[in-house]
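I opened a new notebook page for this structure. My plan was to go from the overall fold to single residues.

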Amino acid sequence: MNKILGILFAIIVLVSCNSQKVYSDFDISYSRNGGLSLVYENLLIKGNNAHYSFEGQGKKHKQDFKISDEDLKKLDQTLSQNNFRRIEEDRKKLYDNITTSINIKKGSNEGSKTDASMIMPNFTTNWTNILTAFQEIINNNVKNNK
């Protein structure tokens, strides 16, 4: 089963690398994907430019927008206050779960975290606070949100 999932994941990555170059150049990345009825949601931020895309539940939406310096500062503060770099990921295996991944490529919070195997219980509040900050950016800037 693990081999099949690994091969399927590799194929998806290879196909997506060729067709979605906008997804490779970013400072901050927030993505949710997976689940029984597949959902793909991405928020990519480069400087003050943001790219949002959503596909799932029979809907597709893409939008580019400008993110304010104030929103970027608030996001950075949320990452710092909730110890983004220190959040520990669990190692339990989960299947058919919508997972969220966050990648920070520059600044004091540089790092990568995912809840693909859950977040350790001591850090779930921190993780939830960070996810809420990203969702606020999406809700405040994306028109026709999902």
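My entries on this predicted model follow.

**Entry 1: the layout.** I began with the secondary structure. I found three helices and six strands. Read from the N terminus, the order is α-β-β-β-β-α-β-β-α. I then looked at contacts between residues at least 6 apart in sequence, and 57% of these join residues at least 24 apart.

**Entry 2: surface and interior.** The protein has 146 residues, and 37% of them count as buried.

**Entry 3: the core.** Which residues have the most contacts inside the largest nonpolar core? I listed Leu43, Ile45, Phe65, Leu75, Ile102 and Phe134, in a core of 27 residues. H3 provides the largest share, seven residues.

**Entry 4: Phe134.** Phe134 is buried, at a relative accessible area of 0%. I set aside its neighbours within four places in sequence. That left contacts with Ile28, Tyr30, Leu43, Leu75, Leu79 and Ile102.

**Entry 5: aromatic rings.** I searched for aromatic pairs and the count came to one. Why is the pair of Tyr30 and Phe134 called stacked? The ring planes are at 15 degrees, under the 30 degrees cut-off, so the pair counts as stacked. The ring centres are 5.0 Å apart. Tyr30 lies in strand S1 and Phe134 in helix H3, so the pair ties together parts 104 residues apart in sequence. Tyr30 is buried too, with 2% relative accessibility.

**Entry 6: a charge over a ring.** I also checked for charges over rings. The charged end of Lys105 sits over the ring of Phe26, 4.1 Å from the ring centre.

**Entry 7: strand pairing.** I followed S5 to its partners. S1 and S5 run antiparallel and are joined by seven bridges. Across this pairing, Asn33 stands opposite Thr99 in S5. S5 also pairs with S6 (residues 111-114), again in the antiparallel sense, over four bridges. Here Ile102 stands opposite Lys113 in S6. S5 and S6 form a hairpin, with six residues between them. In the turn, I marked Gly107 for its positive phi of about 100 degrees.

How values were computed:
Residues are numbered from 1 along each chain as its sequence is written. This is a predicted model: local features need pLDDT of at least 70, side-chain atom pairs count only at pLDDT 80 or more; totals for chains, interfaces and linings use all residues. Side-chain values use heavy atoms; hydrogens and water are left out. Helices (H or I, at least four residues) and strands (E, at least two) are DSSP runs, numbered from the N terminus. Buried means under 20% relative accessible area, exposed over 50%, partly exposed in between (1.4 Å probe, protein chains only). Contact means heavy atoms within 4.5 Å. A nonpolar core is a set of buried Ala, Val, Leu, Ile, Met, Phe, Trp, Tyr and Cys residues joined through side-chain atoms within 4.5 Å. Rings of Phe, Tyr and Trp (its six-membered ring) pair if their centres lie within 6.5 Å; planes under 30 degrees apart count as stacked, over 60 as edge-to-face and the rest as tilted. A charge sits over a ring if NZ of Lys or CZ of Arg is within 6 Å of the ring centre and within 35 degrees of the ring normal. Two strands pair if DSSP finds at least two bridges between them.
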